[in-house]
Amino acid sequence: MVLNYDVIVIGGGHAGCEAATAAANMGAQTCLVTMDMNKIAQMSCNPAVGGIAKGQIVREIDALGGQMGLVTDATAIQFRMLNRGKGPAVWSPRAQCDREKFIWKWRQTLDETDRLDIWQDQADELLVENGEAVGVRTIWGVEIRAKAIIITAGTFLNGLLHIGRKQVRGGRIAEPAVEHFTESITRHGIRSLRMKTGTPVRIDRRSVHFEDCEEQPGETDYHMFSYMGVARPLKQLPCWTLNTNAKVHEILRSGLEDSPLYNGQIQSIGPRYCPSIETKLVTFPDREQHPLFLEPEGTDTNEMYLNGFSSSMPIDIQLEALHQIPALREAKIYRPGYAIEYDFFDPTQLNHSLESKVVSGLFFAGQVNGTTGYEEAGGQGTLAGINAAIKAGNAASERSESTFILNRDEAYIGVLIDDLVTKGVDEPYRMFTSRAEYRILLRQDNADERLTEKAYQLGLARKERLDWWIDKKEQIGRILHFCENTPVKPREINSALEAIGTTPLQFGCKIADLIARPQVTIHNLAEIIPGLKETLEDSPNRKQEIAEAAEIKIKYKGYIEREQLVADKMHRLENIRIKGRFHYNELHELSTECRQKLTKIDPETLAQASRIPGVSPSDINVLLVLLGR
């Protein structure tokens, strides 16, 4: 049996779902191949979306016309905006979701997407002809052929589960591993390596003593994930905080010899920024306690997730240690924590479009590129889906470019992909705001400003989304114009300024000058300036979000303009293309390490070359001289 499509997506996780919907919405006849249609977009670890920098990625996916933000808003059971005590460059939305409802909302989204078919099966062999990927063959002998193939297999490729000294093959607990597909890819010259990740114990809420926890409520204000989101429909639930203690640590230390992380059983590297509880004990031996977060898995289940207690220790050690925590002294568990090792592919063998440099028409997205996190996977999936549709010749736009690439000053997704293909990974990659040098430009509030018009021109974002953004842009512009052109006089406002704790005026000024003060907000000024209040009230849709966006533009105008100047200067190097212009091994003016790294990565532009570890500023100057610049 042979099936024919434009694009095939292998794997129904977060990368696969975004890739499949993006490609189909751009006009490509798409087939999503998944092992279990009832586990679409399964949240294998924490049932939460967003977080530091990750929330910005989800906002970008939404601005591009992707689905993760909409699905998250529809299934959220707690929302928080992290880092509100800091500047807006690092404000990051995060939502706890109902795990099962998240799956079924994604399944509904896929079912309602035109030109998208789902095939429940397991890919067994990549089909390559004349250096081009042309399809896959499944374990049931079905041949599915296409012009572009996207691999989004998550942790399933030769997956191996660990609990203590016990090892079981699997892609997730109780789900089979994919055992031959990696080899059908590497035989064509693509390098694979191994990584490790883990997940914590799941607890029955009926056995928890919540009186010994501290309640952590969510926020119920206007913030959402999707720019077009509506009010969250599900009941909002609290999370709970608690801590480990010396007795917990003593029991865990007694089991280290049976920990696969420390007895040599696991050789691959785990995530530095989401370590197991045993790693925390070894890394921070003097800490008497570590924070834990008990989080609900849904509105209709007793299952709870113990954030901060990821472990692959023996089951009895995990349970005995948990019982030393007062709130969990009688805890019953649904399943223990476990670790998983799996194959991934060297991302330096990819172009920025996420297409392989080795096999034409073959794209990779998600954990198979060495990343960790649903959001990083979804962002890659969106870009891979876009570029696979373009490769298949089905882009709805009239773009002359053969790929769609986001720069580092355009999106966190651009930073993520550039880091992967330029620097590679030696541990599971997780996005942080500190990885983005232009983070004041890449705020969570302005992803639609950065990306929606691009996505509409591309053919991914629909007219409704574009109209929503244009209306928002006009409303922000109206507020900015009023604030920048409306004067206030000292006698009219000084008593009110003193009341809100800021220095009174000596001379008249514009409203924007007052908003720029750290003690002043656009809303407390609106209470004392009637014209400003009327201007804010004129925004019919999401007026609070629009007022916030305008206020950020006013307060941080100088910082934004300065960072934009720096980004514009870097674009000069981005515009200098060097791929195919040098035989680096013959350039003895460059350092040995530089020649080796440039030969391996083969960067597209001089700017990309400058970001490769081992390439120094003097090496870049040499290349500029050789280019005659």
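Predicted model: local features only at pLDDT ≥ 70, side-chain atom pairs only at ≥ 80, totals over all residues.
## Helix H12 against helix H17

Two packed helices are described by the angle between their axes and the distance between the axes. For helix H12 (residues 463–485) and helix H17 (residues 543–555), the axes come within 9 Å and cross at roughly 50°. H12 is therefore oblique to H17, and H12 passes H17 in a right-handed crossing.

On the H12 side, the contact involves Lys472, Gln475, Ile476, Ile479, Leu480 and Cys483. These residues meet Glu545, Ile546, Ala547, Ala549, Ala550, Lys553 and Ile554 in H17. Sorted by class, the contact of H12 with H17 has nine nonpolar residues, one polar residue and three charged residues.

## Helix H12 against helix H16

H12 also packs with helix H16 (residues 530–537), and the two axes come within 10 Å and cross at roughly 170°. Because an angle over 145 degrees counts as roughly antiparallel, H12 is roughly antiparallel to H16.

H12 contributes Arg478, Ile479, Phe482 and Cys483 to this contact, while H16 contributes Gly531, Leu532, Thr535 and Leu536. The residues of the contact of H12 with H16 divide into five nonpolar, two polar and one charged. Ile479 and Cys483 of H12 are listed in the contact with H17 and also in the contact with H16.

## Helix H3 against helix H4

Helix H3 (residues 68–75) and helix H4 (residues 99–111) have axes that come within 9 Å and cross at roughly 135°. H3 and H4 are therefore oblique to each other, and their crossing is right-handed.

From H3, the residues in contact are Met68, Val71, Thr72, Ala74 and Thr75. From H4, they are Lys101, Phe102, Lys105, Trp106 and Thr109. By class, five residues of the contact of H3 with H4 are nonpolar, three are polar and two are charged.

## Cavities

Rolling a probe the size of a water molecule over the atoms shows where empty space is left. In this model there are five cavities of 30 Å³ or more. The largest cavity holds about 60 Å³ of space.

The lining of the largest cavity includes Asn407, Arg408 and Asp409, together with Glu437 and Tyr438. Ala567, Met570, His571, Glu574 and Arg611 also line the largest cavity. By class, this lining has three nonpolar, two polar and five charged residues.

Key
Residues numbered from 1 in each chain as written. Heavy atoms only, no water. Axes fitted to C-alpha atoms, helices over the stretch in contact; angles between N-to-C directions. Helix = DSSP H or I, 4+ residues; strand = E, 2+ residues; numbered from the N terminus. Parallel < 35°, antiparallel > 145°, perpendicular 65-115°, else oblique. Left-handed = near helix turned anticlockwise from the far one by under 90°. Contact = heavy atoms within 4.5 Å. Nonpolar A, V, L, I, M, F, W, Y, C, P; charged D, E, K, R; others polar. 1 Å grid on protein atoms, 1.4 Å probe; cavity = no way out; pocket = protein on both sides within 12 Å on 5 of 7 lines; lining within 4 Å. Points joined across faces, edges and corners; volume = space filled by probe spheres on them.
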